[in-house]
Amino acid sequence: MPELPDVEVYCEAIEQRVAGRELVRVRLRSPFLLRSVHPPLSEAEGRRVVAVRRVGKRVVFALEGELFLAVHLMIAGRFRWAGPSAKMPGRVGLAAFDFGYGTLLLTEAGSKRRAAMHLVAGEDGLATLDRGGLEVLCASVEAFTERLKAENHTLKRALIDPRLFSGIGNAYSDEILHRARLSPMRWTSRLNDEQVDRLYRSAVQVLTEWTERLREQAGGRFPARVTAFHDEMAVHGRYREPCPRCDAPVQRIVYAENECNYCARCQTGGRLLADRALSRLLKKDWPKTVEELEERLGGRAGEPSG
């Protein structure tokens, strides 16, 4: 799922191309994409784009007359920039936004249609789409601390909760926690002041660095490779690969459609966190530490023997 850095770079690239331009027409292929009824989508057509901005993980087109067209890409939604009146891609095409001299295409890979679009009137209408999460890059450490400890959750869950923090998802929460050297399963209520400060600084650094990196990779072109997995990431999507800080194999916990990636040596004092599937299967054979895992595998760390 595109997260804060990806969505910011999307917004910049789209605004560069459509700000001040008239949204001539919106073509929908999937009727399930539009999740709002009033105002009707036709009200957006013929209006000039005033700005493009991010609200959480949504890309929002601010149109003249205080109308807002908000698109949530969910997991597999992506934007493409094409020529005038471009044809929508066959199987993955969801919508096309025609701007006369160019077309913004919205696609979604896979069979499930989760991407969503809303047209709302006024800032109050837009506020109904905002889950209320704190914008970390605009927040003080005091505001971050207050939000982090407002509820007692694991750090992983707290960071990806859109009611607590805005724009952070599965990928960048892994990177933030690795940078902070904190376990994803540590409870927020058990953090001391130094650990909270370390987490805050890590969040700001990771989100800032990756926004700049993705911006540089785009190089003024429209972002083409928007993915949750990057070779330069420290732990996310790097299961069994060596941690860039200590060379221990990156571990993971798989749950539902998500996974949590971490370094046991850097983040949990060498202790392996229980994976619901594997630890239930292996029971007493589940290794408790990285050293035990490496010993069992004869140096081939990363996968428990069975």
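This is a predicted model: local features need pLDDT of at least 70, side-chain atom pairs count only at pLDDT 80 or more; totals for chains, interfaces and linings use all residues.
1. One point of contact can be named: Val26 has Phe97 in β7 as its bridge partner.

2. Strand β8 (residues 103–108) also pairs with β7, again in the antiparallel sense, here over 5 bridges. Within this pairing, Leu105 of β8 stands opposite Ala96.

3. β7 and β8 form a hairpin with 4 residues between the strands. Gly100 in this hairpin has a positive phi, near 80 degrees.

4. How many residues of strand β7 (residues 93–98) are buried? The count is 6 of the 6, each under 20% relative accessible area, so the strand is largely enclosed by the rest of the structure.

5. The largest pocket has a volume of about 740 Å³. Its lining comprises 32 residues, of which Met1, Lys57, Ile75, Gly169 and Asn170 are the closest to the pocket centre.

6. What is the make-up of the lining of the largest pocket by class? There are 12 nonpolar residues, 11 polar residues and 9 charged residues.

Note on methods:
Residues are numbered from 1 along each chain as its sequence is written. Side-chain values use heavy atoms; hydrogens and water are left out. On a 1 Å grid over the protein atoms alone, a cavity is a set of points where a 1.4 Å probe fits but cannot get out, and a pocket is an open set with protein on both sides within 12 Å along at least five of seven lines; lining residues have an atom within 4 Å of a point. Grid points are joined across faces, edges and corners, and a volume is the space filled by probe spheres set on the points. Ala, Val, Leu, Ile, Met, Phe, Trp, Tyr, Cys and Pro count as nonpolar, Asp, Glu, Lys and Arg as charged, and the others, Gly among them, as polar. Buried means under 20% relative accessible area, exposed over 50%, partly exposed in between (1.4 Å probe, protein chains only). Helices (H or I, at least four residues) and strands (E, at least two) are DSSP runs, numbered from the N terminus. Two strands pair if DSSP finds at least two bridges between them.
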